[in-house]
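Student: Please take one part of this structure and look at it closely. Then tell me how that part sits in the rest of the chain.

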Amino acid sequence: MRRRTSAALAASLLAAGLTPLVLTTPASAAVAKHYDDFNGDGYRDLAYGNYYTSISGTGGWKGGAVTVVYGTASGLDTAHPQVVHQDSAGIPGTGEEDDSFGESLASADLNKDGYADLVVGNPTEKVGSYDYRGTVTIVWGSRSGLSGGTSVAPKSGEADQFGDDLATGDFNGDGSPDLAVIGGQEAWLHRGSFTKSGATGTVSKIDKADAGWYSYGLEAGKVNGDGKTDLVVLGAQFSGDDVFSRVWFLKGASSGLMSGAPKTVGSDATTAAIGDFDKDGYGDIALGQPDRNTSRGAVIVWRGTASGPSGSTTFTQATSGVSGTPEDNDDFGYAVSAADVNGDGYADLAIGVPYEDVGGNEDQGGVHLFRGGSGGLSGARSSWIPQTVTGADGSDASFGFQLRLGDLNDDGKADLAVGATNGALVLRGTATGATASGAVTLPEYGGAFLD
C-alpha cells in the first residue's frame, strides 16, 4: 500500500513544479443496517484490495481489483469470492497497467435502497490526456451482491489523484450518507444522497483557509457523542520552508462539517482509527506514526470529549506491559483498527508491527491487540499475535501490514482480519480476545482492507 505522508506530499508538489502556497478561501428505502452489507442479508461482508494485475496474467484485469467475500449465517463464504475490476460488466473505465483500482476503499448505502455500496478509488488512472487524474467509482449493492457502477464527478480542483483516500458518514445528520474524498492534495465533501445516474448533493472543499494546509488521509467516526459522523483529516501545513505534520478534527454539523481542534504530531500520522476505548460515550482517535523515532513507531490516542478530542496518550513497544522491544524500522503503528473484540462494550485497538524481527526472522511482523477498559487503553491489557498463528514461521511476511476489525459472524464480537505479504486470514473474536482456532484464510488477497 502506498504510504501517505507529508514528505511524499511535498515531493509530489515539487515534482510537479509547484511551490506549496498559502491556500485561498474554500468554496463554500431505509439505509442498510450495516455499511458493508452489500447484499442486504443482515451479515457484514469483507472487501479488500487485489493485485494490480492478475498474477497469472489470465485473470481478466489490469490495474487493480477488489475482492469481496460475503458473510453468511455460518461465516464468510470464502468459496465464492467476487472480484470487481474495471473490466467487470457495468464498471466504468478500462483497466490499465498504471491504474490502482482499489488503492482506497469506503462503503455506505449511498442511495438508501437497503444495500450497502462500495466506493473504490483509483488515484493513478489516466483520464483522456490527463495522467494521474484519478477516478472514484461507486459499485452498487443489490440483493445478489455488487453489480454495476457509477463514476463520481470531481470538481475542477479535485481532479488530481482524485480518490487518493475516501471516507463515508452522515456528516450533516440528514439521514443520507455523505462521501469525503482526497483529490488535488485537498479533502472534499460530496453530500448525499447519490443516484445511479450520477446525481449527488453539493460538493465543497474542506480547507483551512489561508493556512497552507494540504491533506493526504481521512478517517470518519463518531467522536463528540452528538450522533453525527465526524471527520479526521491527516495532513501537513507549510510555513516557509518548514513542513509540520498535523491532524485536523472536523465536527459533523447540519451545514456539513465544522472546523475543530488541530493537533501537531511531530511525525506523520499515516493511519487512523476511531473507537470508544473507555466507554464514556465519546470516540477516541488512534493515530499510527510508524516513521516516528527512526521508524520504531508509535500510536497516539487522542481522547474524545463532548467538545471534540482533547488530551492524548502515546503508546510504543516500550510502554509498560507491551510485548517486545522497540527497534529501528519496526514500524509500530503501520496499521491500526478499532472495534470490540471480546464483547465487553469497550472498543479494542489492533496495531500492526509489520517489520518486527522475530526469533531471527527478519521483517516477520506481528500484531498487538490492546483491550479497552476503564480509563482507556493500557499496555497491561495488551497481547501479542505473532505470524506463527498462521502455521508459518519465516522472514519477510510483514504480518500485520494491513488490519481490519469487524463483527463478521454477527455474534457481537469483532473478528480480526490480518494482511501479510503472503496472504491474509481472519481470527475470530471471542470473550478472551482474538483466537486462531477456526481461522479463515482469505482468497484473492493483495491490498488494503475496507475500513
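Tutor: Start with arginine 404, which counts as buried because its relative accessibility is 1%. Buried means under 20% relative accessible area, exposed means over 50%, and partly exposed lies in between (1.4 Å probe, protein chains only). This is a predicted model, where local features need pLDDT of at least 70 and side-chain atom pairs count only at pLDDT 80 or more, while totals for chains, interfaces and linings use all residues. Residues are numbered from 1 along each chain as its sequence is written, and side-chain values use heavy atoms, with hydrogens and water left out.

The partner of arginine 404 is aspartate 36. Their side chains form a salt bridge, at 2.4 Å from N to O. The term means a side-chain nitrogen of Lys or Arg within 4 Å of a carboxyl oxygen of Asp or Glu. Arginine 404 belongs to strand 26, and aspartate 36 to the loop between helix 1 (6–15) and strand 1 (46–49), so this pair ties together parts 368 residues apart in sequence. Helices (H or I, at least four residues) and strands (E, at least two) are DSSP runs, numbered from the N terminus.

Aspartate 36 counts as buried because its relative accessibility is 0%. Aspartate 36 also meets arginine 44 in a salt bridge, at 3.0 Å from N to O. Arginine 44 is buried too, like aspartate 36. Together, Asp36, Arg44 and Arg404 make a network of salt bridges. Side chains of opposite charge can pair when their charged atoms come close.

The total is four salt bridges. Another of them joins lysine 126 and aspartate 131, at 3.7 Å from N to O. Lysine 126 is partly exposed, because its relative accessible area is 43%. Aspartate 131 has 46%, so it is partly exposed as well.

Follow strand 26 onward. The loop between strand 26 (402–406) and strand 27 (415–420) holds aspartate 410. Its phi is positive, about 60°, although aspartate 410 is not a glycine. Aspartate 410 counts as partly exposed, because its relative accessibility is 44%. Lysine 112 has a positive phi as well, near 55°, and is a residue other than glycine. Lysine 112 sits in the loop between strand 6 (104–108) and strand 7 (117–122). One more backbone detail: the peptide bond from glycine 192 to serine 193 is cis, with omega near 5°. Serine 193 lies in the loop between strand 12 (186–190) and strand 13 (203–206).

Now the surface. Glu327, Asp357, Glu362 and Asp396 form a negative patch there. Patch residues have over 30% relative accessible area and no salt bridge; like charges are joined within 9 Å, and nonpolar side chains (Val, Leu, Ile, Met, Phe, Trp, Tyr) within 5 Å. Asp357 is in the loop between strand 23 (348–352) and strand 24 (366–370).

Finally, the whole chain. The protein chain has two helices and 29 strands. Of its 451 residues, 57% count as buried. Its C-alpha atoms fill a box of roughly 50 × 50 × 40 Å along the principal axes.

Methods
Accessible areas come from the Shrake-Rupley method with a 1.4 Å probe; for residues, only the protein chains shown count as cover. Lys and Arg count as positive and Asp and Glu as negative; His and the chain ends are not counted. The place of a charge is taken as NZ of Lys, CZ of Arg, CG of Asp or CD of Glu.
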